[in-house]
Amino acid sequence: MSSHFTRREFIGGSLGTAALGLAAPQWAIARNPTPKILVVIELAGGNDGLNTVVPFKDEAYYRARPHIAIPTQKLLPITEEFALHPALRELAELYQEGHLAIINGVGYEDSSRSHFEAMDVWHSGEVNAGEQPQSGWLGRYLIIIGDDIGVVIGNRLPLALASSNQLVSLLPASQSNESLPILQALYQNHSFVEPAEFIFADVQAPHVAPYPQTELAQNLQTIARLIADDSKARVFYVRLSGFDTHQNQTAAHANILSTLSGALAAFQQDLKEQGKGKDVLTLTVSEFGRSVPENSMGGTDHGAANCLFAIGEGVRGGVYGSYPALNDLDNGALKPTVDFRQVYATILEKWLGADSEKVLNGCFKILDFV
């Protein structure tokens, strides 16, 4: 990552059972008129969308995957055509409540099957960037809006939030729901800047929903606490690894999807109990899907089109996008039917209240999931 990216860092420390609240620094006193919040969860490694949202009526699915296809009787049907992986029980419940939108066939033409190149595209929002992209779609959004703050749960700045001069907070991943790192320093343009006023206070929702003891769940609980404390942040970013399932996929994929589903359900319940359920949209992204045919090691290889989830009380639940044909593949991979920038444009325009054409440097069709 280029060193010129501006950032704010949350460093070290803990405050026992107390949570952290961040008062708006002087440059961020003005508020975006929309109170909406976006949480992005990166499913790192390339999620197997075909075993996540399963077209179980299509026999081509079972022919292509004689060993790793999920038996029909184990699936969680959500429509007459589609079913969710059995590890996604909580997400199936959210779907039935109308709080889960599934966008099928998301990708871009001639997609790279390199992890690094593909994530550069998804992070930057640029398909033909040429040289190494220098900014991300969310970073550009923050610059245009000017008064919103981004928070990354992790130890490095993702390209998605990178920009030339927008401050982004880095909050080290939470290891326990009983502690949060303390903000100690503020950096801007390579120079140390005295931090503005900060508030350290106990932050408790009226009734704190129980969270699973997984890192993702604890990280989402950290985000929920910052939302409860009105931390002024409008974009949050967190990463979940483990989706590069080249071998022995069945158990590994089930475990990581269970982690995702349990964490998202707890997060949604927490937001509901805060009264913030309608103000937060959570989006899952992954660099690509997997190959349709299974490989000889009981796994799948890098693919192309994939499914995305949009979760929240403010989404229009349902299935969107055409599911790619399983009998018309691109070198073993599903062909995209929805440009990923359509998803971004929809969120920018209809959720965050931004001009998507300025952020994405192009005009893309808006979808109906928001």
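Which residues lie nearest the centre of the largest pocket?

1. Pocket. The model is a predicted one. Nearest the centre of its largest pocket lie Glu42, His123, Arg156, Pro158 and Arg239, which belong to a lining of 29 residues. The volume of this pocket is about 640 Å³.

2. Lining by element. At least two lining residues come from each of β3 (37–44), α3 (115–124), β8 (149–153), α5 (215–228) and β13 (233–241). Helix α3 supplies the largest share, five residues.

3. Confidence. The average pLDDT of the chain is 83, and 80% of the residues reach at least 70. Residues 1–34 stay under 50, yet the model gives them 122 contacts beyond four places in sequence. A further stretch, residues 175–207, is also below 50 and has 90 contacts beyond near neighbours in sequence.

4. Largest nonpolar core. This core has 59 residues, and the members that touch the most others are Ile41, Leu84, Leu100, Leu220, Phe236 and Phe267. Helix α6 gives the largest share of the core, eight residues.

5. Leu220. Leaving aside residues up to four places away in sequence, leucine 220 touches Val39, Ile41, Tyr211, Val238, Ala263, Leu264 and Phe267. Two of these partners, Ile41 and Phe267, are themselves listed with Leu220 among the core members that touch the most others.

6. Another core, of 48 residues, lies apart from the largest one. Its members include Leu157, Tyr320, Leu348 and Leu367.

7. Strands β4, β6 and β5 form an open sheet in the order β4-β6-β5, with antiparallel pairing. The edge positions are held by β4 (53–54) and β5 (76–77); each has a single partner strand, so one side of each has no neighbour in the sheet. Two bridges join β5 to β6 (residues 83–84) in the antiparallel sense, and proline 77 stands opposite alanine 83 of β6.

8. Helix α2. Which residues of α2 (residues 89–96) are buried? They are Glu90, Leu91, Ala92, Leu94 and Tyr95. Their cover includes strands β5 and β6 as well as β7 (100–107), α6 (249–274), β15 (306–311) and β16 (318–320). Glycine 98, just after the helix, has a positive phi of about 85°.

How values were computed: Residues numbered from 1 in each chain as written. Predicted model: local features only at pLDDT ≥ 70, side-chain atom pairs only at ≥ 80, totals over all residues. Heavy atoms only, no water. pLDDT = per-residue confidence, 0-100. Contact = heavy atoms within 4.5 Å. Pairing = 2+ DSSP bridges. Helix = DSSP H or I, 4+ residues; strand = E, 2+ residues; numbered from the N terminus. Buried < 20%, exposed > 50% of the residue type's maximum accessible area, 1.4 Å probe, protein only. Core = buried A, V, L, I, M, F, W, Y, C linked by side-chain atoms within 4.5 Å. 1 Å grid on protein atoms, 1.4 Å probe; cavity = no way out; pocket = protein on both sides within 12 Å on 5 of 7 lines; lining within 4 Å. Points joined across faces, edges and corners; volume = space filled by probe spheres on them.
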